[in-house]
Structure formats: structure tokens, C-alpha cells
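Trainee: I would like to learn how to read a structure like this one. Could you take me through it, feature by feature?

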Amino acid sequence: MTETAVPHQVRAAGAVVADGAVWRLRSRGCWDEAAALLDEPARTEPWAALVRAELLAERCMFTGEGWERAEEALRAAESMSLDDEERGTAACERGYLAYASTLLRVRDRADEARAALGRAAALLAPDSPGRALLDFRRGLVAQHVTGNPQAAEAGFRRAHNAALGHGDALLASCTWRHLAALALAAGDLAEARNGFAESLRLREETGFLVGIAPALVSLAEVRPEPEAERLRAEAFRLHRALGGVPRWLAPAFDPAP
């Protein structure tokens with residue numbers, strides 16, 4: 001499974017809100033409360049509407065719930081007067097929401113995901129900061145929907161290099177994680193260990209609390225005992241403290257450590 005990251009250009013536009021109270025709530029899995037802080041500005045400000053839609057889409061991925069509310073938020077953002085950059089961001093969010101629905105087997109929206117991400121690619125400028133997130137999400141579709149690990153790795157590599165270049169630690173934590181998973185599938189244990197460790201380090205440094213348990217579980221897969229058991233137990237405690245979020249991680253704790 002995967003997570004997402006706040007679009008860089010949207011986060012920059014609303015830095016005071018998105019990097020302050022909204023981030024603190026979001027990082028702890030309080031997506032509804034974070035979105036509520038944007039209710040008023042989202043009525044008139046495209047950046048706020050887009051961040052709000054992104055938050056509610058991420059809630060769907062982590063909890064498997066709230067699809068209708070996320071769709072409504074995305075349609076509201078799409079109905080505003082947007083420039084190409086904002087339209088590209090909205091298309092990227094639509095593609096991600098459709099991908100999440102497909103991945104979690106809520107409804108097969110694979111064609112919609114590919115089409116929306118294709119529109120985003122056409123709208124975002126070649127040097128847009130949003131390109132990194134788009135490349136990452138296209139990699140996700142290639143990996144989990146299309147079943148093309150080569151295309152997935154190419155997308156993840158582009159996103160990874162851009163995230164490191166822009167100092168986007170949260171997105172880099174996601175690219176490290178998925179590149180490590182591909183390395184593990186290819187039998188490169190050393191590269192997988194490094195990638196999973198870097199992903200965990202960045203999530204701890206950025207305070208992305210809801211993303212730490214999955215990172216711990218992934219790292220446990222490539223570490224020897226008894227360290228692996230310690231990592232799984234730490235992940236279990238954190239997952240339970242957050243109310244079982246992300247929901248898709250629960251099978252990793254059956255039986256509980």
C-alpha cells in the first residue's frame with residue numbers, strides 16, 4: 001500500500017495554513033478536522049479547495065471511508081476558475097482518488113485514474129513542482145494497477161530525484177519506500193534495507209505519524225530477528241494508538257506481536 005503527499009505547489013500557495021495547523025492534524029490522521037479548517041477559504045480560494053480535496057482523498061486511502069465527501073470536495077475545486085497549474089493539480093488528485101478506489105477494491109476506476117493522470121501531465125508545465133508528485137502517482141498506477149514494474153521504477157526514480165532536489169522530505173519518504181519495495185521484489189536486500197530505513201527516518205523527522213507504522217513494518221521485513229520483532233511490536237503499538245489507521249495495515253498484525 002501507499003500514501004500520498006501534499007502537492008508542492010499547492011502547499012507553497014497556502015503555506016501558513018497547510019504547513020501549520022492543517023499539517024499537525026493531518027499528520028496524526030485527523031483529516032476531517034484538518035479539512036474543516038479549510039472550509040471557509042475553500043469557498044473562494046482554489047489552493048484551499050485543492051488542499052481540502054487532497055486531505056479527504058488521503059483519508060479514503062488510509063481508512064477506506066469517506067469517498068462521497070472526497071468526491072464532493074474534488075468537484076467543488078474543479079468547478080472553480082483555475083489556471084492550468086491548478087487544473088493539473090486537480091486532475092492529479094482525481095487520478096489518485098480513482099487509483100485508491102481501485103486499489104482498495106471499492107470500485108474499479110483504473111481507466112479513470114490513467115486518464116486523469118494523463119490530463120495532469122498535459123496541464124502541468126515541465127518545470128512544475130507538481131511534476132514530482134504526478135510522476136510518483138503514475139508510478140503507483142504502473143506498479144499496482146498495470147503491473148509494469150519497469151514503468152513504476154522509472155516514475156518513482158523521477159519523483160525521487162525531484163523530491164530530493166526540492167527538499168520535499170515527505171514525498172521522498174514515499175519514493176524511498178516504493179523503490180525499496182521494488183528492490184526487495186528483485187532480490188536486492190541491501191538496497192531494500194537502505195530504502196526502508198531512509199523512508200522511516202524521513203517520516204520520523206517530518207512528524208508524519210500516520211505513516212510511521214507502515215514504515216516500521218516494511219523495515220521489519222528486511223531486518224533480522226530480534227530487531228524485526230521489535231519493529232513490528234513498535235508498529236503495532238502506534239497503529240493501535242491511532243485507532244487502527246491505516247486500516248490496510250491491520251493484516252500485518254495478525255496475530256498481534
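Trainee: Which helices are included in what covers the buried residues of H13?

Mentor: Keep in mind from the start that this is a predicted model. The cover over the buried residues of H13 includes helix H11 (169-185), helix H12 (189-206) and helix H14 (227-241).

Trainee: How many of the residues of helix H13 are buried?

Mentor: Buried means under 20% relative accessible area. In helix H13 (residues 212-220), nine of the nine residues are buried, so the helix is largely enclosed by the rest of the structure. Among them are Ile-212, Pro-214, Leu-216 and Ser-218.

Trainee: Now to the aromatic rings. What describes a pair of them?

Mentor: The general idea is that a pair of aromatic rings is described by the distance of the centres and the angle of the planes. Here the count comes to six aromatic pairs. One of them joins Trp-31 and Phe-62, with 5.2 Å from centre to centre and 40° between the planes, and this pair is tilted.

Trainee: Where do Trp-31 and Phe-62 lie?

Mentor: Trp-31 belongs to helix H4 (residues 31-36) and Phe-62 to helix H5 (residues 46-63), so their pair ties together parts that are 31 residues apart in sequence. Both Trp-31 and Phe-62 are buried. They also belong to one aromatic cluster, formed by Trp-23, Trp-31, Phe-62 and Phe-208.

Trainee: Why is the pair of Tyr-96 and Tyr-99 called tilted?

Mentor: Planes between 30 and 60 degrees apart fall into that class. For Tyr-96 and Tyr-99 the planes are at 40°, with the ring centres 6.0 Å apart, so the pair is tilted. These two tyrosines both lie in helix H7, three residues apart, which is about one turn of the helix.

Trainee: Are Tyr-96 and Tyr-99 buried or exposed?

Mentor: Tyr-96 is buried, with a relative accessible area of 2%, and Tyr-99 is buried at 1%. There is also a charged neighbour to find: Arg-137 lies over the face of Tyr-96, at 4.3 Å from the ring centre.

Trainee: Let us stay with helix H7. What does Thr-102 touch, leaving out residues up to four places away in sequence?

Mentor: Thr-102 touches Arg-107, Asp-108, Arg-109, Ala-110 and Val-145. Its place is in helix H7 (residues 84-103), and because its relative accessibility is 17%, Thr-102 counts as buried. Look at its side chain too: a polar atom there lies 2.8 Å from the backbone nitrogen of Arg-109.

Trainee: What should I know about backbone angles?

Mentor: Most residues other than glycine have a negative phi, and most peptide bonds are trans. Arg-105 has a positive phi of about 60° although it is not a glycine. You will find Arg-105 in the loop between H7 and helix H8 (110-123). With a relative accessible area of 77%, Arg-105 is exposed.

Trainee: Which peptide bonds here are cis?

Mentor: The bond from Glu-225 to Pro-226 is cis, with omega near 5°. Pro-226 is in the loop between H13 and H14. Another cis peptide bond joins Val-245 and Pro-246, where omega is about 0°. Pro-246 lies in the segment after H14.

Notes: Residues numbered from 1 in each chain as written. Predicted model: local features only at pLDDT ≥ 70, side-chain atom pairs only at ≥ 80, totals over all residues. Heavy atoms only, no water. Helix = DSSP H or I, 4+ residues; strand = E, 2+ residues; numbered from the N terminus. Buried < 20%, exposed > 50% of the residue type's maximum accessible area, 1.4 Å probe, protein only. Polar contact = N/O pair within 3.5 Å; in protein donor to acceptor, adjacent residues only side chain to side chain. Contact = heavy atoms within 4.5 Å. Phe/Tyr/Trp six-rings, centres within 6.5 Å; stacked < 30°, edge-to-face > 60°. Lys NZ or Arg CZ within 6 Å of the ring centre and 35° of its normal.
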